[in-house]
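Let us walk through a protein model together, going from its overall surface to single residues. Have a look at the picture first, and then read on.

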Amino acid sequence: MMKKYGKRFLAAALAGVMALACTACAGSGAAASSGSASAAGSAAAGSKKIGVIQYTTVPSLDNCYKGFLKGLEDEGYVKDKNLTIDFQNAQAETATADTEAQTMATKKYDLIGAIATPAAMSAYAAAKANDIPVVFTAVSDPVAAKLVKSLDQPGSVATGSSDQLPLEAQVKMIRAFLPKAKKIGILYTTSEPNSVSTLERLKKIAPKYNFEVVGQGVTNDSEVASGAQALVAKGVDCFNNFTDNNVVNNLQSELQAANKAGIPVFGSEEEQVRGGCLASVSIDYTALGEETGKIAGKILKGEAKPQDTKVYTSESGTPIYNTDVVSTLKLTVPTDYQNATKTTTTKKA
Amino acid sequence: MDIFLGLVQVVLREGFIYGIMAVGVYITYKVLDFPDLTVDGSFPLGACTAAMLITAGVNPWLACLICFAAGAAAGAVTGFLHVRLHITDLLSGILVMTALYSVNMAITGKKAVVSFFDMPTIFSSGLGGTLHSALGQWGWVIMAAIVCLVIKLVIDLYLKTRSGLLLRAAGSNAKFVVSLGKDPGRMKILGLILGNGLTALSGCVLAQQKESADVTSGTGMVVMSLAAVIIGVSLLGRVRWMKPTMMAVIGMILYRACLTVAMQLGLDTNYLKMLMSIIFVIALVASRFASGRRKHNVVTVDRSSI
């Protein structure tokens, strides 16, 4: 096919430049990434090496990691002192999460932490062949993802915490705020497994409070505005959000549609209420991460084994409401929620 | 040393599995000169189909065949859109890729992530199981290598047949094919069928190896496989005895190696995509300089339209 000898030099040059590009970028990146290479020499006795894979960058997952470190500290493992952490963000690509998990398993780390479902699945697949414990967090349905056999008795190398939304408490609150409402509109992204499974749960809970659930799936951010509009057209009395990354990132589009129709939006996190939602009974992701960190700490100490460590779930949540929205919509705060945390619209979501 | 060997295992295993896709993309991109974006959809199509079939208890090898057929069907649609309905190559790929998202969601029953841990797969039962219990992690590498190399050989053999020669001619000199009284459009469709069948098969094998499938796993597959083909062909193009399909596979292994090395050196994954693009550009430019006459990637401006 190709005959020129000059090609040989070009090929060699290409290989050289590729290697250079690798090392050059790596050099500048090394400082930014959380000390994966160091600490091996200065580590004290009893120190551990763990890897953490975070699936993508969103505030709730970032908070999970923050809490995770705090929980480990509570159990006596301090980052960069007696704990080396190789933290990797998969940037929302499963192929990257897989490679990260495989490398961590290969390096025989003492434990792999995984934040969000896809990361947990990559970690589990890589770790189970090597018998390395996996501690996950922000996985809404670990049983459906087959990470554990049951929440009480995982029976596998994995355990951790689940971020199932406290839905019953949320629906109860919606009923208290809107005594006459009939339909709850749900905007969810079809590719986010948490949203789909949460919707199924909500459909079971809602009839107990005489609500009908109207779901509207969207596939990307450009569809959020029209999806919200479609729900308004279907005559919903309010919106309720899940921890759906796509919807939460485009909260303003949803709020615009709802505000125009004069109906309230219930959030799933405090941040959303500060961004203009009416109220929510929400999970504290930092606290969730902290509980997860404690589980990881106990496993590292050898005090617990993943196969019989209960998966931590946050069933009760903290109610919070936005006084600005209450007055714009001319609602009254129900007596049961008079003592809930109050906030105002502080920022655009 | 153990760690180093372990990393080699990971790179080789992933390289061979994604290498199946690289062979497919070699057919569409290099042989047919068709930038096929369907790949981003047919890869998860294979993974999702495999997940559902294996959950249903279908034999894993049979699942591979069905996945190939599913990918082939997707390729046929792209070919039909382009050849028969005269939609541009890029656009027909994008259209089918977009549609496949819905298809994949329908296959998985609206679940974005499907896991089938501890079910029989080609890596855990039969030959794969024997290899794994005898050689541990290397067993998986060998299994991936066997699947990839057998497919490469079959494709090599095919390209030597009458139909294969016509396929190659359709990419490089369509007029010649017409002069033989054959339809180059038909060969294009055939090439897309093969390419996407192999991509889906690659997704299927990967899903079986990690025992789960994700509808979003197609992101970046076009770039990854194009880069692998280009790196392979521009680095190894001078090795005369080597078949281009082998170059594509080795290109994929090198690509995965670059990625793993970058992660190992502590490169913040934020910069990973930039690094991959840089490697891609270098390989692309180098391959054009190296082959001189080749003008695949040069945009020619039609001055009459300005």
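The accessible surface of chain A is about 14,300 Å², and carbon and sulfur atoms hold 52% of that area. Such areas come from the Shrake-Rupley method with a 1.4 Å probe, and for residues only the protein chains shown count as cover. Please keep in mind that this is a predicted model, in which local features need pLDDT of at least 70, side-chain atom pairs count only at pLDDT 80 or more, and totals for chains, interfaces and linings use all residues. Residues are numbered from 1 along each chain as its sequence is written, chains are lettered from A and ligands numbered from 1 in the order in which they are written, and side-chain values use heavy atoms, with hydrogens and water left out.

**Chain A as a whole**

Chain A has 349 residues, and 55% of them count as buried. Here buried means under 20% relative accessible area, exposed means over 50%, and partly exposed is in between (1.4 Å probe, protein chains only). The chain contains 12 helices and 13 strands. These are DSSP runs numbered from the N terminus: helices are H or I with at least four residues, strands are E with at least two. A contact means heavy atoms within 4.5 Å. Among contacts in chain A between residues at least 6 apart in sequence, 70% join residues at least 24 apart.

**The sheet and its helices**

In what order do the strands of the open sheet of 6 strands stand? In chain A the order is β2-β1-β3-β4-β5-β11, with parallel pairing. β2 (83–89) and β11 (312–313) of chain A stand at the edges with a single partner strand each, so one side of each has no neighbour in the sheet. Two strands pair if DSSP finds at least two bridges between them.

β1(A) and β2(A) run parallel and are joined by 7 bridges. Across this pairing, A:Val52 stands opposite A:Phe87 in β2(A). β1(A) is mostly covered, with 5 of its 7 residues buried. In a regular strand the side chains alternate between the two faces of the sheet.

Strand β3 (residues 111–115) of chain A pairs with strand β4 (residues 134–137) of chain A in the parallel sense, over 4 bridges. There, A:Ala114 has A:Phe136 in β4(A) as its bridge partner. Helix α3 (residues 94–106) of chain A packs on the sheet and touches β1, β2 and β3 of chain A, with its direction at about 170° to that of β1(A). Helix α2 (residues 59–74) of chain A lies across β1 (48–54), β2, β3 and β4 of chain A, and runs at about 165° to β1(A). Axes are lines fitted to C-alpha atoms, for helices over the stretch in contact, and angles run from 0 to 180 degrees between N-to-C directions.

**Rings that meet**

Rings of Phe, Tyr and Trp (its six-membered ring) pair if their centres lie within 6.5 Å; planes under 30 degrees apart count as stacked, over 60 as edge-to-face and the rest as tilted. The count comes to 6 aromatic pairs over all chains. Two of them are set out here:

| Pair | Centre to centre | Angle between planes | Kind |
|---|---|---|---|
| A:Phe177 and A:Phe266 | 6.1 Å | 65° | edge-to-face |
| B:Tyr18 and B:Phe43 | 5.8 Å | 20° | stacked |

A:Phe177 lies in helix α5 (residues 167–177) of chain A and A:Phe266 in strand β9 (residues 265–266) of chain A, so their pair ties together parts 89 residues apart in sequence. A:Phe177 is buried at 4% relative accessibility, and A:Phe266 is buried at 0%. Ring pairs also link A:Phe177, A:Phe266, A:Tyr321 and A:Tyr337 into a cluster.

In chain B, B:Tyr18 is buried with a relative accessible area of 1%, and B:Phe43 is buried at 1% relative accessibility.

**A residue between the chains**

What does B:Met221 touch, not counting residues up to four places away in sequence? The list is A:Ala95, B:Tyr18, B:Met21, B:Val39, B:Asp40 and B:Phe43. B:Met221 is found in helix α10 (residues 221–236) of chain B, and it is buried, with a relative accessible area of 1%.
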